[in-house]
Amino acid sequence: MALLCSASARPPLAAGARGRRPARGTARVIGGGGGGAEARASLVLALATQALAASQRRAAGLAAEAVKYAFPPRRFEPRTLEEALMSVPDLETVPFRVLKREAEYEIREVESYYVAETTMPGRSGFDFSGSSQSFNVLASYLFGKNTTSEQMEMTTPVFTRKGEPDGERMDMTTPVITKKSANENKWKMSFVMPSKYGPDLPLPKDPSVTIKEVPAKIVAVAAFSGLVTDDDISQRESRLRETLQKDSQFRVKDDSVVEIAQYNPPFTLPFTRRNEIALEVKRLDANF
């Protein structure tokens with residue numbers, strides 16, 4: 001009987017309190033939810049700000065790259081109206097100095113540089129399929145398909161050239177060169193490498209790509225616009241060789257092979273493109 005009385009002595013719950021949590025606990029839940037919402041909002045705002053800044057940097061970078069092609073500085077002194085209409089992207093190129101200027105050509109002394117080279121498929125140096133395939137192989141190396149995954153800067157021009165005899169080191173200029181081997185009847189395309197790497201270039205992962213140093217040389221160069229074709233190059237080479245026979249200071253070297261430089265991207269209008277045909281020459285007058 002005493003036990004029953006003791007049990008019934010528990011104080012009754014306050015009216016309306018049955019089935020509810022303590023007020024202090026309820027306040028903690030509400031307060032915690034509000035803080036989490038504010039934190040999430042701050043995080044979203046920070047991410048949006050970061051994304052906007054990154055987009056602005058990318059847009060500025062793209063605009064700067066576009067300016068290099070759309071509004072390039074004038075690098076060459078035009079001799080004709082055709083040359084005055086030519087444009088050259090504001091990219092690194094092979095350094096040279098002009099030794100002599102004539103009505104149809106100029107003589108340049110070119111410094112040494114490094115190239116990445118690949119053999120082109122087929123027997124033509126300027127067919128679209130072969131050129132595109134070789135260009136993509138070299139571009140892949142330039143933009144990261146190498147042993148260090150280094151992404152290097154593009155340079156200009158692109159060179160296409162006929163090959164030199166076996167055993168001779170290849171002479172080239174800035175970024176892409178195509179050359180035709182006299183013995184193999186194959187053209188080769190080369191990209192000129194950015195000068196800041198010097199001989200410390202990353203090795204290509206593609207075995208069809210080789211790295212070579214081009215020694216300093218003297219070349220006779222004639223500029224022209226438009227699209228490049230094999231027939232056009234053959235005619236221009238013959239014309240340049242014939243014209244150089246009249247030069248009293250320079251002669252075409254016996255083992256010289258034609259080299260074509262193309263400075264512009266494919267979307268450039270033909271009449272504003274700058275192309276050059278070059279032949280290596282030697283001095284006749286040592287005192288010049």
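The legends below describe close-up views of one predicted model.

Local features are described only at pLDDT of at least 70 and side-chain atom pairs only at pLDDT 80 or more, while totals for chains, interfaces and linings use all residues. Residues are numbered from 1 along each chain as its sequence is written, and side-chain values use heavy atoms, with hydrogens and water left out.

**Figure 1. The whole chain.** The protein chain has five helices and eleven strands. Helices (H or I, at least four residues) and strands (E, at least two) are DSSP runs, numbered from the N terminus. Of the 288 residues, 39% count as buried. Buried means under 20% relative accessible area, exposed means over 50%, and partly exposed lies in between (1.4 Å probe, protein chains only). Among contacts with a separation of 6 or more, 65% join residues 24 or more positions apart; a contact means heavy atoms within 4.5 Å.

**Figure 2. Strand β3 and its two partners.** Strand β3 covers residues 113-119, and five of its seven residues are buried. β3 pairs with strand β7 (residues 210-214) in the antiparallel sense over five bridges. Two strands pair if DSSP finds at least two bridges between them. In β7, Glu213 stands opposite Tyr114. β3 also pairs with β6, in the antiparallel sense and over five bridges. Here Thr119 has Lys188 of β6 as its bridge partner.

**Figure 3. Strand β4 beside β6.** Which residues of β4 point one way, and which the other? Val158 and Thr160 point one way, Phe159 and Arg161 point the other way, and all are buried. β4 and β6 pair over three bridges in the antiparallel sense. Met189 in β6 is the bridge partner of Thr160.

**Figure 4. The largest pocket.** Rolling a probe the size of a water molecule over the atoms shows where empty space is left. The largest pocket holds about 790 Å³ of space. Of the 32 residues that line the largest pocket, Phe135, Gln262, Asn264, Pro265 and Pro266 are the closest to its centre. On a 1 Å grid over the protein atoms alone, a pocket is an open set of points with protein on both sides within 12 Å along at least five of seven lines, whereas a cavity is a set of points where a 1.4 Å probe fits but cannot get out; lining residues have an atom within 4 Å of a point. Grid points are joined across faces, edges and corners, and a volume is the space filled by probe spheres set on the points. α4 (128-142), β4 (158-161) and β6 (186-192) each supply at least two lining residues. The largest share, six residues, comes from α4. By class, the lining has 20 nonpolar, ten polar and two charged residues. Ala, Val, Leu, Ile, Met, Phe, Trp, Tyr, Cys and Pro count as nonpolar, Asp, Glu, Lys and Arg as charged, and the others, Gly among them, as polar.

**Figure 5. The second largest cavity.** The structure holds two cavities of 30 Å³ or more. The second largest cavity has about 60 Å³ of space. Ten residues line this cavity, and Arg161, Lys217, Val219, Val257 and Glu280 lie nearest its centre. β8 and β11 each supply at least two lining residues, and the largest share, three residues, comes from β11. The lining divides into four nonpolar, one polar and five charged residues.

Figure 6. In soluble globular proteins, nonpolar side chains tend to be buried together. The largest nonpolar core has 33 residues, of which Ile107, Met193, Ile233, Leu244, Ile277 and Val281 touch the most other members. α4, β6, β8 (217-224), α5 (230-244), β9 (250-252) and β11 (275-283) each supply at least two residues of this core. A second, separate core has 13 residues, including Tyr113, Val192, Ala261 and Ala278. A nonpolar core is a set of buried Ala, Val, Leu, Ile, Met, Phe, Trp, Tyr and Cys residues joined through side-chain atoms within 4.5 Å. Leaving out residues up to four places away in sequence, Ile107 touches, among others, Arg97, Ile218, Leu244, Phe250 and Val281.

Figure 7. Is Ser225 buried or exposed? Ser225 is found in the loop between β8 and α5, and its relative accessible area is 16%, so Ser225 is buried. Beyond its neighbours within four places in sequence, Ser225 contacts Glu82, Met86, Pro270, Phe271, Arg273 and Asn275. Asp231 lies in helix α5 and counts as exposed because its relative accessibility is 60%. Asp231 and Phe126 are 105 residues apart in sequence, and their C-alpha atoms are 9.9 Å apart in space.
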